[in-house]
Amino acid sequence: MKRCILRISGTFGSGKTTAAREFLKYPHEELRTSDGKKIKGYRIEVPGLTTDVYLLGSYHNPTGGCDGIPTQDEIWERALKAHQYGHVLMEGALLSGSGLNGAVTKAVQPTGCAVYTFLDTPMDECITRVKIRRAAAGNEKTFDPKNLVSKFESVVACYKNLKAAGGFDVRLIDHTDIHPQLITILKEFEA
């Protein structure tokens, strides 16, 4: 049985953090720093899987995951450490554009267990979701989608580059049904 390192990629509002939070509905344990002050990730017992899932980063803020980890080097160090014990799940806006030369990609690809998933959420839907999220947070400042559009284009380019390079397990995920697709990928590694 192999253990998967699964990356969920997408722009702001694509649903990657929501997809990761779905895993926290299962029994889980917070993994904290040695002083107990910060959450480094979670060990999750997912029914139907024979090994635990390790979700990187904290999810106590509206945005979470790897966006709260200071460097890409720390992300891949955590990913490789957790991979010794189970499946690894990671997501974040910055991580989503980490392509062929990204530190995380270079570190996890040699394991032969990395899967790069990209959410197919349309850009207009991402913009709408971000506007709704901002309004819910009380942010009344006019939203300029320029950064979101730029990130969307960066993520699409990352997807295309990884696909074109060959040797990378790159998958497009239907944004309307994310969680079951991620579970299916993890089960493939346990077969």
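What is the relative accessible area of E22, and does that make E22 buried, exposed or partly exposed?

Modeller: E22 has a relative accessible area of 26%, so E22 counts as partly exposed. The cut-offs are under 20% for buried, over 50% for exposed and partly exposed in between, with a 1.4 Å probe and protein chains only. This is a predicted model, in which local features need pLDDT of at least 70, side-chain atom pairs count only at pLDDT 80 or more, and totals for chains, interfaces and linings use all residues. Residues are numbered from 1 along each chain as its sequence is written, and side-chain values use heavy atoms, leaving out hydrogens and water.

Now the partner of E22. K25 and E22 form a salt bridge, with 2.8 Å between their closest N and O atoms. The term asks for a side-chain nitrogen of Lys or Arg within 4 Å of a carboxyl oxygen of Asp or Glu. K25 is exposed, at 63% relative accessible area.

A search of the whole structure finds 9 salt bridges. One of them joins R43 to D52, with the closest N and O atoms 3.0 Å apart. D52 is partly exposed, at 22% relative accessibility. Another joins R171 to E188, at 2.9 Å from N to O. R171 sits in strand β7 (residues 169–173) and E188 in helix α7 (residues 178–190), so this bridge ties together parts 17 residues apart in sequence. Helices (H or I, at least four residues) and strands (E, at least two) are DSSP runs, numbered from the N terminus. E188 is partly exposed, at 40%. Shared partners also link E29, R43, E45 and D52 into one salt-bridge network.

Contrast K151, in helix α6 (residues 146–165). K151 is buried but has no salt bridge. The nearest side chain of opposite charge is D67, 7.3 Å away. Here Lys and Arg count as positive and Asp and Glu as negative; His and the chain ends are not counted. Leaving aside residues up to four places away in sequence, K151 touches T11, F12, A93, L94 and G97. Contact means heavy atoms within 4.5 Å.

Next, the rings. The whole structure holds 4 aromatic pairs. Rings of Phe, Tyr and Trp (its six-membered ring) pair if their centres lie within 6.5 Å; planes under 30 degrees apart are stacked, over 60 edge-to-face and the rest tilted. F23 and Y26 are edge-to-face, with centres 6.4 Å apart and 70 degrees between the planes. F23 is buried, at 0%. Y26 is partly exposed, at 22%. F118 and Y159 are also a pair: their centres are 5.3 Å apart and their planes at 70 degrees, so this pair is edge-to-face. F118 is buried, at 2%.

Of its 6 residues, 6 are buried, so β6 is largely enclosed by the rest of the structure. Both faces are covered: A114, Y116 and F118 are buried on one side, and V115, T117 and L119 on the other. Strand β1 (residues 5–9) pairs with β6 in the parallel sense over 5 bridges. Strands pair if DSSP finds at least two bridges between them. S9 has F118 as its bridge partner in β6. β6 and β7 also run parallel, joined by 5 bridges. There, V115 has D169 of β7 as its bridge partner.
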